[in-house]
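Time to look a few things up.

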Amino acid sequence: MKIHEFQGKNIFKHYGIPIQDGYVIENLTDASATIEKVQQEFNSKAVMVKAQIHAGGRGKGGGVKYCPTTKDALENVSNMLGMNLVTPQTGAGGQKVRKVYITEALDIQKEYYCALTLDRAKTKDVFMVSSEGGVEIEKVAEETPEKIIKVWIDPLIGMKIPQARELAIGLGLGERPLKTAITMFMKMYQCYVETDASLVEINPLVLTEDDRVVALDAKFNFDDNALYRQLDIAKLHDKHEEDPTEMAAKEYNLNYIKLDGNVGCMVNGAGLAMATMDIIKLAGGEPANFLDVGGAASAETVKNGFKIILSDDHVKAILINIFGGIVRCDRVANGVIQAVKELGLEVPVVVRLEGTNAQAAKTILSESGLAIVSAGNMQDAASKVVNAALEN
Amino acid sequence: MSILVNKDSRVVVQGITGSEGTFHSTQMLEYGTNIVAGVTPGKGGQMALDDSIPVYNTVREACTQEKATVSIIFVPPSFAAEAIIEASDAGIGLVVCITEGIPVRDMVKAKRVIDQNGTQLVGPNCPGIITVGECKLGIMPGFICQQGNIGVVSKSGTLTYEAIGQLSNVGLGQTTAIGIGGDPIIGTTMTEILKLFENDPQTHGVVMIGEIGGQMENEAARWAKDNMSKPVVGFIAGQTAPPGRRMGHAGAIVSGGDDNAEAKMRILKECGIIVCESVAEIGKKMKNALNN
């Protein structure tokens, strides 16, 4: 689960990590008062106006603006609220800006990068910092990897002060900011662990002209599997940042991602679902979606799956590909029949059922009298559904 | 011969009295798996599965009383990592964890403990292991397997079944099939499984099924290039998966790229793996490889 910058900064504040502070607004009518409040409270005539969406690279898309005067600030808030912000990390469609964060503007001496995340290969958390902060950090990592300093943390011991010191020294900080940074890194690790975060990233972390170390940004990602024990974090979820169909699928316990093609597919298991999309493409079609109905595909799940797929009116044909292990194919077949009868499907449906009770399922489908196309193997299923989509 | 488990493996089921545990233990017993004990804290002294299997409060008791050597876990996600640690501390050599949805933080700790104890963990969030005709330690449909000479290792569940089904259809039976799981932290890597198959005389070829994300397939391929004498047929799912809406840069910096399907397929090919462009070719390509 992702959250907004201002929410991440509130978490930092709670842990005593110094932040570039401000207030968030959703309505233009609150703009003047909030700008004034930020100017007075943080003693900063100039302010920053920052679009709040769940993607990085906001500056590149025009979602972060320095505003030396109140007039500039008002103008930028009014431009940003409601705009569709496209950044290198949003995809071409962009993301609608519903919230704008107005913060103090700081005089910056130098920018750094710091992040905590899991290193899957080492099966440990890694804390990384770099003196080359700012937007091009991935390029730095690729071209001059020695400029990224990393420490790996023993999960049973936790982060130790010498590790935090190694990171802070690596940034080349002077005596006073060095101490601040060490404390800050320790708190960041504590915050990362205690909130079940999978990512905490500050880019940039800045050294101000008056030698303070401050988080200018805050990116958090949380482990969905741990949300059951992170109720305060779970409350931060912003539904507006999710695709509405994907949200609806989630309510049905289905894992759905919309794509651009016209061949809908419903599959059990994420790996098989991806392989099904791939073979549709190889057969000359374009998959309309990824849909994993999970390990317990029942008649109800199949019906809900149809509803979700058909909410996309580009879909010209549907392929159902189920390899029954725990799932019994005869139950899936009955689900398909029930769904077709209830929803009155107007697009051709190709069904490939393999595994537990597959033979019984085939009989059920062929005796149903419905125009459902049965397929033998994945190749056969892909060709049939792509042809059906072309003809429809 | 086979790898990891066989008919002599003495199995303890952690979470045997839960609905998942009961259902799959029954299926495993029917397949011939030598289940010797179950563990459910608080239900020690009872009998499970139609009065046939003794239930203990702890894994240690199951080890002492029934000489269990292998464990399979069907415990809910919030307790599963502790169940892994309990099995490891009790001296179990191989733990298979089926549970899906374990918090990563819990798994990072569990992984550290099992590495220290020298326990082999398969999973979590995986279909388990099947040594055909001898021992099913998982949730896969046993009837799709045939005894033979092909090893299967996969990150995915149903895609493993698809591969097994195709092998059986072209007349190639299997030695052992293993789903290692696709979670961020897993106990056993593809490379470790390839090593075991390379050293198993009964296995003549290996099917390796990966997907987008991580570097595990690439590492396994590089290992195979230098060490593997048997043909390896590979498939990577997710050629059409859209790049996710990313957040931040840390993930990219740590993994270092090359984690999409195209890059993995290229690396596999460079390492001499027989790569299937289409999932439908797995069985056929293995058959051809063995005939050459």
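Before the sheet, I noted what pairing is: two strands pair if DSSP finds at least two bridges between them. Helices (H or I, at least four residues) and strands (E, at least two) are DSSP runs, numbered from the N terminus.

I also jotted down that this is a predicted model, where local features need pLDDT of at least 70 and side-chain atom pairs count only at pLDDT 80 or more, while totals for chains, interfaces and linings use all residues. Residues are numbered from 1 along each chain as its sequence is written, with chains lettered from A and ligands numbered from 1 in the order in which they are written.

**Sheet, chain B.** I found an open, mixed sheet of seven strands in chain B, ordered 9-8-11-10-12-13-14. Strand 9 (135-138) and strand 14 (274-275) of chain B are the edges; each has a single partner strand, so one side of each lacks a neighbour in the sheet. Next I checked strand 10 (residues 147-154) and strand 12 (residues 205-211) of chain B, which pair in the parallel sense over five bridges. G151(B) has V206(B) in strand 12 as its bridge partner.

**Helix pair, chain B.** I looked at helix 7 (residues 216-227) and helix 9 (residues 261-270) of chain B: their axes (lines fitted to C-alpha atoms over the stretch in contact, with angles from 0 to 180 degrees between N-to-C directions) come within 9 Å and cross at roughly 5 degrees. Helix 7 and helix 9 of chain B are therefore roughly parallel, a label for angles under 35 degrees.

**Between chains.** I looked up the contact (C-beta atoms, placed from the backbone, within 7 Å): 60 residues come from chain A and 48 residues from chain B. Helix 9 (residues 270-282) of chain A gives the most to chain A's side, with ten residues.

Methods:
Two residues are in contact if their C-beta atoms, placed from the backbone, lie within 7 Å. Angles under 35 degrees count as roughly parallel, over 145 as roughly antiparallel, 65 to 115 as roughly perpendicular and the rest as oblique.
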